[in-house]
Amino acid sequence: MADDLESRISRIESKLVVMLEKYRRLEAEKEEYQRKTAELAGDVDKLTKQIEQLKLDNDYLRMARAINSSAAELSQSKAILTQLVRDVDKCIAQLTD
């Protein structure tokens, strides 16, 4: 009976050693994954800021392109404005008569 109890205790101890080994290995893996997660979170923040900056730059470039018209568009716009001013002057002249 004592031999049976000693063999059981021995098996339990060996299983305990194996379980402790697995636990330590899993703890080390967990710490590694936590480190990687923190690193990736930092990368995500950095890339999010970069995306926001690129969106802002894109908006600025769109506005600049809208403002910077070609010479043909500029002369056409001037002609339209000149015609509108003439029409307004005619209307004013008719109202004053």
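**Figure 1. Overall view of the protein chain, in which buried residues make up 0% of the 97 residues.** The model shown here is predicted, and its protein chain contains two helices and zero strands. The C-alpha trace spans about 130 × 30 × 15 Å along its principal axes. The radius of gyration of the protein chain is 40 Å, whereas a compact globule of 97 residues would have a value near 13 Å. The accessible surface comes to about 9,400 Å², and 60% of this surface belongs to carbon and sulfur atoms.

**Figure 2. Close-up of the salt bridge between Arg25 and Glu29.** In this pair, one of the three salt bridges counted in the model, the closest N and O atoms of Arg25 and Glu29 are 4.0 Å apart. Because Arg25 and Glu29 are four residues apart in helix 1, they are separated by about one helical turn. Arg25 has a relative accessible area of 47% and is therefore partly exposed, and Glu29, with a relative accessible area of 34%, is partly exposed as well.

**Figure 3. Close-up of Arg35 and its salt bridges with Glu32 and Glu39.** Between Arg35 and Glu32 the closest N and O atoms are 2.5 Å apart, and these two residues lie three residues apart in helix 1, which is about one turn of the helix. Between Arg35 and Glu39 the closest N and O atoms are 3.1 Å apart, and here the two residues, both in helix 1, are four residues apart, again about one turn of the helix. As for accessibility, Arg35 counts as partly exposed at 42% relative accessibility, Glu32 is partly exposed with a relative accessible area of 31%, and Glu39 counts as partly exposed at 44% relative accessibility.

**Figure 4. Close-up of a nonpolar surface patch made by Leu56, Tyr60, Met63 and Ile67.** The patch formed by these four side chains has an area of about 430 Å². Tyr60, one of the residues that make the patch, is found in helix 1, which comprises residues 2-67. With a relative accessible area of 45%, Tyr60 is partly exposed, because this class covers residues that are neither buried, under 20%, nor exposed, over 50%.

Conventions. Residues are numbered from 1 along each chain as its sequence is written. This is a predicted model: local features need pLDDT of at least 70, side-chain atom pairs count only at pLDDT 80 or more; totals for chains, interfaces and linings use all residues. Side-chain values use heavy atoms; hydrogens and water are left out. Patches are made of residues with over 30% relative accessible area and no salt bridge: like charges are joined within 9 Å, nonpolar side chains (Val, Leu, Ile, Met, Phe, Trp, Tyr) within 5 Å. Accessible areas come from the Shrake-Rupley method with a 1.4 Å probe; for residues, only the protein chains shown count as cover. Buried means under 20% relative accessible area, exposed over 50%, partly exposed in between (1.4 Å probe, protein chains only). The radius of gyration is taken over C-alpha atoms; the globule rule is 2.2 Å times the number of residues to the power 0.38.
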